[in-house]
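This briefing is meant to be read alongside the sequence and the model.

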Amino acid sequence: MANKERNDKNNKFVVLPVPYEKTDMEDGQLDIPEVLGVLPLRNVVVYPHMVAPLTVARTSSVRLIQDAKKNDSLIALVAQKKPEVENPKPKDLFTIGTVGKIVRQLQFPNNVYQIWVHGISRIQVEEFVDSEAPYMVARSSVLMEETEQDTELEALERTVIDILGKIASLSEDVPEDLTMMAKGMGPSATADMVSMYMNISLDQKQRLLEITDVKERLSTLRALLSRELSVLELSKKIQTEASEEMSKAQREFYLRKKMGAIKKELGEDDEASELDDLKEQIEKAGMPEEAKKQAERELNRLTKMHPSSAEYTVSRTYLGWLLDVPWSKHTEDMLDISKAKKILDEDHYDLEKVKDRILEYLAVRKLKADMKGSILCFVGPPGVGKTSLGKSIARAMGRKFVRMSLGGVRDEAEIRGHRRTYIGSLPGRIIQGLKKAESNNPVFMLDEVDKLGRDFRGDPSSALLEVLDPEQNHSFADHYLEVPFDLSRVMFITTANVLDTIPPALLDRMEVLRLPGYTEVEKLEIAKRYLLPKQLEGHGITKKQLTISDGAIRNIIRNYTREAGVRNLEREIGTVCRKAAKGIAQEETEKCKVTVKNLHEYLGPEKFYSETAERADEPGVGVGLAWTPTGGDIIFIEAARMKHTGRKNESLTLTGQLGDVMRESAQAALSYVRSRADILGIEPDFFDKYDVHLHVPAGATPKDGPSAGITMATVLASLATKTPIKEKLAMTGEITLRGRILPIGGVKEKVLAASRAGINEIILPMKNKKDLQEIPEEIRDKVEIHLVDNMDEVLCIAFPTVFTPEGLCERRENSQFTPTQTPYKPGVGQEAL
């Protein structure tokens, strides 16, 4: 068939297909014996109509070749399942093979034979016989082909030959005349010849040998050839693209060399021109003396380097950073105090304390031009406007604004930069921010300073110590620049939700301004002035198309949000705007008016309700006040009594995921109540007969701190005296064993939370009187605040129909105390606001 040889993938056989010729068997002149010797084949499958050369070296196989003349040189050619098996057994062979006739043989030294076998017909190995023979002998039967001449068979044959031609044009392993040889051989011979010649796996070749239906064999072969053709076409495409890219690169290299030679002849040298520009920029940059010397030194090194060297790029990048840093560029401060106040009022409602601090800074800046920048820290719950306030301050002062988020930053290099020895090194984000602002006196906001991390790469909070220290930041040293930069003119503003996680040394360098949260009146004004117009513009709606009444906004604040800030309030207003936009876009309505009555159509059912409304009016339940990073909140404290079990350490059970401090407060409250049992009219043996269980709901939330002490004591007194606590009353304060009330923190946040929850009266420690001035006037008018010094006053307020100050004093003198029904009257050391 073809005179070109091809090695198989293990280089053990050379397959040489020959043209199709009719065999003696096909002419009816050759009978195939039923029992034949079996020659195991490795990595090759011999097909009918084909001649293949085989090298025989196994002792058993050599004996078979020598004895083959007894059967007219006929042998059974069966492939091994695993070519690596040296001495195959019957189980190691496939059951379908080919009867082959040895047409030629050569003997070489070392008893090695080279034979040529001509495949005659497919056979099915029925069983192996004569186990005593030196080689395997098997009984087999001839497999007849199933051929049905029709147009489909002819089409399959032509398709296979056509694909073979395309493969021959793409692969050097397939001779170009193979396609011509395949024509006229007949469908079966064509399929066998292509199967033996193609570069497919042994299992795939065996599968083709086992198919007796010629049409099915051609169909399977077509699929394999199509896949091989796809692989060859893709390889050709990749090779062509690689060659084109290489040719393009070579062409560009040649043209650049030629361009360089032309410019040299004309006296134009880009490198020299660039270096002259750099020198001129250094003179105009207004650098300090030390930075200028460093830049000139780097420029001198640059002149001695070849532009194609790696060091040239590193040095050029460093010099570019030195020139881009705003050494002398700055913006002029707007020192018009009244105009700055107007801008601050335009952007934010209330926040008078923060606004006054900014105006004070501008006033001092007006009187003293060379004053150092301030370092402020805005602390407050999410959504109160800390970040947006920084932008407003920059606008009011006429400065550029830079924001850097510190949340999750763990690498010191984020602040100080990387040294130039590292590949891809850059300055820190402080210098990068100044370059972006193109000014050396911007308002620089360091957001989320309380969420800084630390690991093996360093401690960013320690690196910030120099940045935020007015006594040091005039010579801030970035690791990349290697020259000091003056940060004293920068106004740094940091933001945080809590102060506990900020290192003390860093906190000491900042002036803390608290933004505790907004009242309902403030939220209403913020919604009307800022949030609603912003959402209307964002949704393409005009004021005429959508109106929201004040009552509807109040309803959103009370029943759809529960937060210290206004972030969720803005989201809910945005939801209303989207619903309205949908109705207007679908031409269902031209105008939308949102009121309290139809608000549920836009926002659905209410999400929150008054938490005190569901509290049962029964003994042993009280309302406390708590501070959280997101603002204040109310907490319920419940107590229940059970018959004493007699076990030790079970007189008081505490649940609700309470911290150590809160547990100690509960013990102190219990000790106080027990010590005052006779004065409070508690049964003498109450605590001997009963165990007490104190629980703070929301058990999945950790709780700690001493401020719930008076609430716990009041709840225990309520349980022991079977007297309900006054409705809509909340309290906070630390208790001592003697019943003294100690001051607590977060007063404003707690009072605002109580107001949001519908509380009418609040009990606070007397020593927190100074904090009342921070509480908005509308809240003080709405909520009655009691200031107390000791637990007697707390009990008189909590149980006004049972205890009075006079009665408690009388009981201290007379052990026969009986609870009175006299209404409560404020006593000495206690105030009602």
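In strand 8, the residue that bridges to Glu 127 is Arg 139. The model is a predicted one, in which local features need pLDDT of at least 70 and side-chain atom pairs count only at pLDDT 80 or more, while totals for chains, interfaces and linings use all residues. Residues are numbered from 1 along each chain as its sequence is written, and side-chain values use heavy atoms, with hydrogens and water left out.

**Antiparallel pairing around strand 8**

- Strand 7 (residues 112-129) pairs with strand 8 in the antiparallel sense over 6 bridges, where two strands pair if DSSP finds at least two bridges between them.
- Strand 8 (residues 137-142) is also joined to strand 3 (residues 35-41) by 3 bridges, again running antiparallel, and here Leu 36 stands opposite Ala 138.
- Strands and helices are DSSP runs numbered from the N terminus, with helices (H or I) of at least four residues and strands (E) of at least two.

- An open sheet with parallel pairing is formed by 5 strands in the order 10-11-14-9-15.
- Strand 10 (401-405) and strand 15 stand at the edges with a single partner strand each, so one side of each is left without a neighbour in the sheet.
- From one strand to the next the twist averages 20 degrees, taken between axes that are lines fitted to C-alpha atoms (for helices over the stretch in contact), with angles running from 0 to 180 degrees between N-to-C directions.
- Within this order, strand 11 (residues 443-447) and strand 14 (residues 491-496) pair in the parallel sense over 4 bridges, and Met 445 stands opposite Ile 493 in strand 14.

**Salt bridges**

- The structure holds 41 salt bridges, each being a side-chain nitrogen of Lys or Arg within 4 Å of a carboxyl oxygen of Asp or Glu.
- Glu 145 forms one of them with Arg 122, the closest N and O atoms being 3.0 Å apart; Glu 145 lies in the loop between strand 8 and helix 2 (151-170) and Arg 122 in strand 7, so the pair ties together parts that are 23 residues apart in sequence.
- Arg 122 is buried at 2% relative accessibility, whereas Glu 145 is partly exposed at 31% (buried means under 20% relative accessible area, exposed over 50% and partly exposed in between, with a 1.4 Å probe and protein chains only).
- Arg 395 and Asp 347 meet through their side chains in a salt bridge of 2.8 Å, N to O; because Arg 395 lies in helix 12 (residues 386-397) and Asp 347 in helix 10 (residues 337-347), the pair ties together parts that are 48 residues apart in sequence.
- Both partners are partly exposed, Arg 395 with a relative accessibility of 42% and Asp 347 with one of 27%.

**Surroundings of Thr 190**

- Thr 190 is found in helix 4 (residues 187-197) and is buried, with a relative accessible area of 0%.
- Its side chain reaches the backbone oxygen of Gly 186 at 2.7 Å, and a polar contact of 3.4 Å joins the side chains of Thr 190 and Glu 157.
- A polar contact is a pair of N or O atoms within 3.5 Å; within protein, one must be able to donate a hydrogen and the other to accept it, and residues adjacent in sequence count only if both atoms are side-chain atoms.
- Leaving aside residues up to four places away in sequence, Thr 190 touches Glu 157, Ile 161, Ala 182 and Met 185, contact meaning heavy atoms within 4.5 Å.
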